Amino acid sequence: NAGVTQTPKFRILKIGQSMTLQCTQDMNHNYMYWYRQDPGMGLKLIYYSVGAGITDKGEVPNGYNVSRSTTEDFPLRLELAAPSQTSVYFCASSPYTQGIQEQFFGPGTRLTVL
Amino acid sequence: GNSVTQMEGPVTLSEEAFLTINCTYTATGYPSLFWYVQYPGEGLQLLLKATKADDKGSNKGFEATYRKETTSFHLEKGSVQVSDSAVYFCALSPFGTNAGKSTFGDGTTLTVKP
């Protein structure tokens, strides 16, 4: 099993550009998440999904969009990149068995907006 | 809303020293509690967890006990090694319909010197 994979690993964007961060998991997990991690800080939840077709906002959703058309994929879209979106982005997934038992994280995407 | 407060770092210890990293939380109901570890350039990985009051999570010599009365989940290890150098995150996941809305602390950087 590959687990949670994210692409790209690194990306530099200009202000106002758009991009999609890809996330795929092969563990058949129903829950998936997107977090951002700013330097020296913890993870902030951007969006999460409890299953295909169902998404919900987290703590910091502004400037981002998500979709979940399949169980495996959970892409994150930045429409108009801003310097404040410079961060490391982590995708994660988890099964749900009487609560969340463990989240499995991808390796991250380091995004710089100049 | 929910919150997690971790002991500020960085923490520097000599090999074989005793480690404590404090974590307190604010949440309604009975969340699940977690400690994750992040090594340089990687995503987070689960270290240990506890899902109900008085549960003790343990793994690789690390321990933490879910204390409902003090809303705490402090991480301890009796004798740290250089290989334990990493960033440690305390996290909670609510039980029930908001289980996806996980909250992470800001992380504590541990450096262990030989």
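Here is a quick tour of a two-chain predicted model, going from the overall build of each chain to one residue in each.

Residues are numbered from 1 along each chain as its sequence is written, chains are lettered from A and ligands numbered from 1 in the order in which they are written, and side-chain values use heavy atoms, with hydrogens and water left out.

**The two chains**

Helices here are DSSP runs of H or I with at least four residues, strands are runs of E with at least two, and both are numbered from the N terminus. For chain A, a compact globule of 114 residues would come out near 13 Å, and the chain has 13 Å, which agrees. The radius is taken over C-alpha atoms, and the rule is 2.2 Å times the number of residues to the power 0.38.

Here are the chain-level values:

| Chain | C-alpha span | Buried residues | Accessible surface | Carbon and sulfur share |
|---|---|---|---|---|
| A | about 40 × 30 × 25 Å | 46% of 114 | about 5400 Å² | 53% |
| B | about 45 × 30 × 20 Å | 45% of 114 | about 5400 Å² | 48% |

Buried means under 20% relative accessible area, exposed over 50%, and partly exposed in between, with a 1.4 Å probe and protein chains only. The areas come from the Shrake-Rupley method with a 1.4 Å probe; for residues, only the protein chains shown count as cover.

Now for contacts, meaning heavy atoms within 4.5 Å. In chain A, 55% of those between residues at least 6 apart in sequence join residues at least 24 apart. In chain B, residues 24 or more positions apart account for 57% of the contacts with a separation of 6 or more.

As for charge, chain A carries 9 positive and 8 negative side chains, with the centres of the two sets 10 Å apart. Chain B has 9 positive and 11 negative charges, and their mean positions are 7 Å apart. Lys and Arg count as positive and Asp and Glu as negative, while His and the chain ends are not counted; each charge is placed at NZ of Lys, CZ of Arg, CG of Asp or CD of Glu.

**A residue from each chain**

Ser102(B) sits in the loop between strand 10 (86-93) and strand 11 (103-104) of chain B. With a relative accessible area of 8%, Ser102(B) is buried. Leaving aside neighbours within four places in sequence, its contacts include Tyr33(A), Tyr35(A) and Leu45(A) from the other chain, plus Leu92(B) and Ser93(B). Its side chain also makes a polar contact of 2.8 Å with that of Gln103(A). Such a contact is a pair of N or O atoms within 3.5 Å; within protein, one must be able to donate a hydrogen and the other to accept it, and residues adjacent in sequence count only if both atoms are side-chain atoms.

Glu102(A) lies in the loop between strand 9 (87-94) and strand 10 (104-105) of chain A. Glu102(A) is partly exposed, at a relative accessible area of 22%. Beyond four places in sequence, Glu102(A) touches Ser93(A), Ser94(A) and Pro95(A), and across in chain B, Phe34(B), Tyr36(B) and Leu46(B).

Technical notes: This is a predicted model: local features need pLDDT of at least 70, side-chain atom pairs count only at pLDDT 80 or more; totals for chains, interfaces and linings use all residues.
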